[in-house]
Amino acid sequence: MSFHPFSSGPDPRKSLALRQAAKGMFWLAFTAITILALLPGPAAPPRLLGTDKLEHAAAFLVLTLLAAFGWCRLPLWFI
């Protein structure tokens with residue numbers, strides 16, 4: 001059995017409710033991020049730090065964290 005950072009705590013009912021909420025938020029965020037990523041954006045000149053890349057990285061980080069919390073029994077490499 002491997003260590004997982006979001007393993008369930010002492011109260012299984014509370015952790016189950018939190019995991020279910022994380023799963024719901026994951027699917028809501030997944031839908032919103034997919035729609036926003038596929039919509040054409042305004043033509044903008046390249047920016048200094050490439051904020052478009054940072055925004056995409058932040059969006060996928062949120063998806064990863066919600067998935068890791070919602071499906072805590074899956075190995076992290078799979079998520």
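This is a predicted model: local features need pLDDT of at least 70, side-chain atom pairs count only at pLDDT 80 or more; totals for chains, interfaces and linings use all residues.
Good morning. I begin with Ala-67, which touches Phe-26 and Ile-79 when residues up to four places away in sequence are left out; contact here means heavy atoms within 4.5 Å. Residues are numbered from 1 along each chain as its sequence is written, and side-chain values use heavy atoms, with hydrogens and water left out.

Let me turn to the overall fold. The protein chain has two helices and zero strands; helices (H or I, at least four residues) and strands (E, at least two) are DSSP runs, numbered from the N terminus. Of the contacts with a separation of 6 or more, 79% are between residues 24 or more positions apart. Buried residues account for 18% of the 79 residues in the chain. For this term, buried means under 20% relative accessible area, exposed means over 50%, and partly exposed lies in between, with a 1.4 Å probe and protein chains only. The accessible surface of the chain is about 6,500 Å², and 73% of this surface belongs to carbon and sulfur atoms. These areas come from the Shrake-Rupley method with a 1.4 Å probe, and for residues only the protein chains shown count as cover.

Which residues make up the largest nonpolar core? There are eight: Ala-22, Phe-26, Ala-29, Ile-33, Ala-59, Leu-63, Leu-66 and Ala-67. H1 and H2 each supply at least two residues of this core. Such a core is a set of buried Ala, Val, Leu, Ile, Met, Phe, Trp, Tyr and Cys residues joined through side-chain atoms within 4.5 Å. One of the members, Ala-59, is found in helix H2 and is buried at 17% relative accessible area.

I come now to the aromatic residues. A pair of aromatic rings is described by the distance of the centres and the angle of the planes. Rings of Phe, Tyr and Trp (its six-membered ring) pair if their centres lie within 6.5 Å; planes under 30 degrees apart count as stacked, over 60 as edge-to-face and the rest as tilted. This rule gives six aromatic pairs. One of them joins Phe-26 and Trp-71, edge-to-face, at 5.3 Å between centres and 85° between planes. Phe-26 lies in helix H1 (residues 12-38) and Trp-71 in the segment after helix H2 (51-70), so this pair ties together parts 45 residues apart in sequence. Phe-26 is buried at 12%, whereas Trp-71 is partly exposed at 24% relative accessibility.

Trp-71 also pairs with Trp-27: the centres are 6.2 Å apart and the planes at 85°, so this pair is edge-to-face. Here the link runs from helix H1 to the segment after H2, across 44 residues. Trp-27 is partly exposed, at 47%. Phe-26, Trp-27, Phe-30 and Trp-71 form one aromatic cluster.

Finally, the surface: Leu-76, in the segment after H2, is partly exposed at 45% relative accessible area. Thank you.
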